[in-house]
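User: Can you walk me through this one? I'd like to start with pockets, then look at some strands.

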Amino acid sequence: MKRIRFQILLIALGALFLASCEKNEDKDTKSNATNIAYIVNYGSYSGSKSEISIYNMEDQTITHNAYKTANSIDFNSNIQSMVIYNDIAYLMSNDGDKIDIVDAETLLETINPISTNIIKPRYFAATGNTAYVSCWGNVDDWSTIPNSYIAKINLTTKTVTKIPLPGGPEGVIIVNNKLYAGLTTTNKVAVVDLTTEAISYIQVSAVPQQFVQDANNSIWVSLTSQYSSPFPAESLGLAVINPQTNTVTNKIDFTGIGSSGYIHQSSDKKTIYVMGSEPWPGTTTTIYTVNTVDKTLSSTALISGENFYGFNVNPENDNIYVLISPNATTNGTLKVYDKLGILLDEETTGISPQCVVFYNIIK
């Protein structure tokens, strides 16, 4: 698992700032906010567990330990990803083998996590009353991840059935009643017919990871190289898939793409933001843009720095939220940029921030 390997490889609320010279970190920051960003701090796989910070977009303040504040208990696992669907937040806990379910506004957990048939959950997509979560299962061979599957979840009863899918399914997206899943050990996109659960494959030039859908409804998937499935630099970048024919229609070269393949898009779906190499001491990391109309990669990075660990794009104003993690034991940083790459704000996060989820609270 990439996050596991990274952590192994690297081996009360948050502090209050002085009100006279710093922004105030108020315990009730969220209570008066309507637009917030949840920052999921992964923590350390072998040490500290995950926590959630809340960034108030309106007054540019941040609070920490939001899950513990809401539930009066520490979170007891590490969160791989978080998704809000129908005002419910789903937290995929990849070492706790569970999916925690909390109220999207309060973060209050009132029902037990889903744990039956959930082993190493990764990413979540849903349609109607059914969710589909990529799971790696019990891994006895990292080169093929043969026991992986898609967890099909009835969101009312919380019952789970498995759709076997070897190869380590990663990012997922639902288009035209089909689930598209990246596979982390091979250069194929899996396509699951949600009516019959039959599986077909689309061959791409490298390892497919994450998906977005552009304004013309084409599917874009990031193509990376993995430890277990190395591919040459010229095969890396993004592929464009026609969901009507399930064929690759274009490929955009990006030799510097990171192994996690993080991509997000602008509010008009005409620009895709793609992250370069993951954090490594002294290594520059970047965010480039791709024009989905003329299908070109920007000649220079929009944003560059060190130790980028994840990012997202605010769908309301296209501000770019970049998460920075220097290591697995100290607090990270949130940097907010506008769509021109101009720095707007900088805040301290928890340990290993890796995921940003935007949410509008209706008052």
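Analyst: Here is a short tour of the pocket and then of a few strands. This is a predicted model: local features need pLDDT of at least 70, side-chain atom pairs count only at pLDDT 80 or more, and totals for chains, interfaces and linings use all residues. Residues are numbered from 1 along each chain as its sequence is written, and side-chain values use heavy atoms, without hydrogens and water.

User: What volume does the largest pocket have?

Analyst: About 1300 Å³. A pocket here is an open set of points on a 1 Å grid where a 1.4 Å probe fits, with protein on both sides within 12 Å along at least five of seven lines. The volume is the space filled by probe spheres set on the points.

User: Which residues lie nearest its centre?

Analyst: Val83, Phe211, Val212, His264 and Asn312. The lining has 43 residues, meaning those with an atom within 4 Å of a point.

User: And which element gives the most to that lining?

Analyst: β28, with seven residues. Strands are DSSP runs of E, at least two residues, numbered from the N terminus.

User: Switching topic. Is β26 mostly covered or open?

Analyst: Mostly covered. Five of the seven residues in β26 (331–337) are buried, that is, under 20% relative accessible area with a 1.4 Å probe, protein chains only.

User: How many bridges join β26 to β27?

Analyst: Six, and the two strands run antiparallel. Threonine 333 has threonine 348 of β27 as its bridge partner. Five residues lie between these strands in a hairpin, where glycine 341 in the turn has a positive phi of about 90°.

Conventions:
Helices (H or I, at least four residues) and strands (E, at least two) are DSSP runs, numbered from the N terminus. Buried means under 20% relative accessible area, exposed over 50%, partly exposed in between (1.4 Å probe, protein chains only). Two strands pair if DSSP finds at least two bridges between them.
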